[in-house]
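This briefing covers helix packing, the nonpolar core and a few individual residues. Please read it alongside the sequence and the coordinates.

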Amino acid sequence: MKLTSNEALRMVEDFRRELGNPYWIDHSVCVGNTAGVIAKALEEKGYNVDVDKASALGYVHDIGKYNGKDHGHAMSGYKYLKEKGYDDDYCNVCLTHSYLNNDIKCTAGGIPDPNDNPFLTDFIKNHEYTLEEKIINLCDLMCPHGGKVFTVDKRLIDLILRKGAYSNTQYHVKETYKLKAYFDDLLGFNLYDLFPSIKDNL
Ligand SMILES: [Fe+2]
């Protein structure tokens, strides 16, 4: 079953009401909106990208936090959307959004043990990230708590201040910059130009 961006937004807004506006809702809305802007710009450049799907994936990428637990939210979000009957195209973003470079160790907030969840480790290693999923990887690294859009630099510092620095932090920062450069190259301009308000958030 497909998940439209309208349905996805409704899903998170329902959780906002039900759960008393937890912090991850504004972030999710921001990721969905930001993803939509980047996807639209790519589409205008002639790339084959599904703008509505990019927004939908952004809205639901953190849906696994509905149970109040950050730890394990990738798997719980994946299962939540699967049980609702959505296609893998939509469920997979719950798994992919925190991991860059097809590597479970390329993430913020410490180094996961690859043996903790062999399914997730193998999935991340073998999955061919779609353009829409890569957009969500980037937007998750541009949207902090709250509804603002940050440069990746500021967002990375935000993550380090909140979650700490670990032996994989340099690796994660370098891969984040590569991802940003990848989209700048596709667009032919600095994607921050799409977000004039970013200057107010420096
Ligand atoms: Fe997120």
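How many of the ten residues of H3 are buried? In this predicted model, nine of the ten are buried, and H3 is accordingly described as mostly covered.

**Packing of H3 with H7**

- Helix H3, spanning residues 51-60, packs with helix H7, spanning residues 131-140, at an angle of about 45°, and their axes are 9 Å apart.
- Because the angle has this value, H3 is classed as oblique to H7, and H3 passes H7 in a right-handed crossing.
- On the H3 side the contact is formed by Lys53, Ala54, Leu57 and Gly58, which meet Glu132, Glu133, Ile135, Ile136 and Cys139 of H7.
- Sorted by class, the contact of H3 with H7 comprises five nonpolar residues, one polar residue and three charged residues.

**Packing of H1 with H2**

- The axes of H1 and H2 are 10 Å apart, and the two helices pack at an angle of about 165°.
- Since an angle over 145 degrees counts as roughly antiparallel, H1 is roughly antiparallel to H2, and the crossing in which H1 passes H2 is left-handed.
- Ser5, Ala8, Leu9, Val12, Phe15 and Arg16 are the H1 residues in this contact, and they meet Ile25, Ser28, Val29 and Gly32 of H2.
- The residues of the contact of H1 with H2 divide into six nonpolar, three polar and one charged.

**The largest nonpolar core**

- The largest nonpolar core has 42 residues, and within this core Ala35, Val60 and Cys139 touch the most other members.
- At least two residues of this core are supplied by each of helix H1 (5-19), helix H2 (23-44), H3, helix H4 (73-83), helix H5 (88-96) and H7.
- H2 provides the largest share of this core, with nine residues.

**Leu81 in H4**

- Leu81 lies in helix H4, and Leu81 counts as buried because 24 other C-beta atoms lie within 10 Å, where the criterion is 20 or more.
- Apart from neighbours within four places in sequence, Leu81 is in contact with Val60, Ile63, Tyr86, Tyr90, Cys91 and Cys94.
- Although Leu81 and Leu3 are 78 residues apart in sequence, the C-alpha to C-alpha distance between Leu81 and Leu3 is 9.7 Å.

- Once neighbours within four places in sequence are left aside, the contacts of Leu141 are Val152, Arg155, Leu156 and Thr176.
- Leu141 and Glu7 are 134 residues apart in sequence, and their C-alpha atoms are 24 Å apart in space.

Methods: Residues numbered from 1 in each chain as written. Predicted model: local features only at pLDDT ≥ 70, side-chain atom pairs only at ≥ 80, totals over all residues. Axes fitted to C-alpha atoms, helices over the stretch in contact; angles between N-to-C directions. Helix = DSSP H or I, 4+ residues; strand = E, 2+ residues; numbered from the N terminus. Parallel < 35°, antiparallel > 145°, perpendicular 65-115°, else oblique. Left-handed = near helix turned anticlockwise from the far one by under 90°. Contact = placed C-beta atoms within 7 Å. Nonpolar A, V, L, I, M, F, W, Y, C, P; charged D, E, K, R; others polar. Core = buried A, V, L, I, M, F, W, Y, C linked by C-beta atoms within 7 Å. Buried ≥ 20, exposed ≤ 12 C-beta atoms within 10 Å, placed from the backbone.
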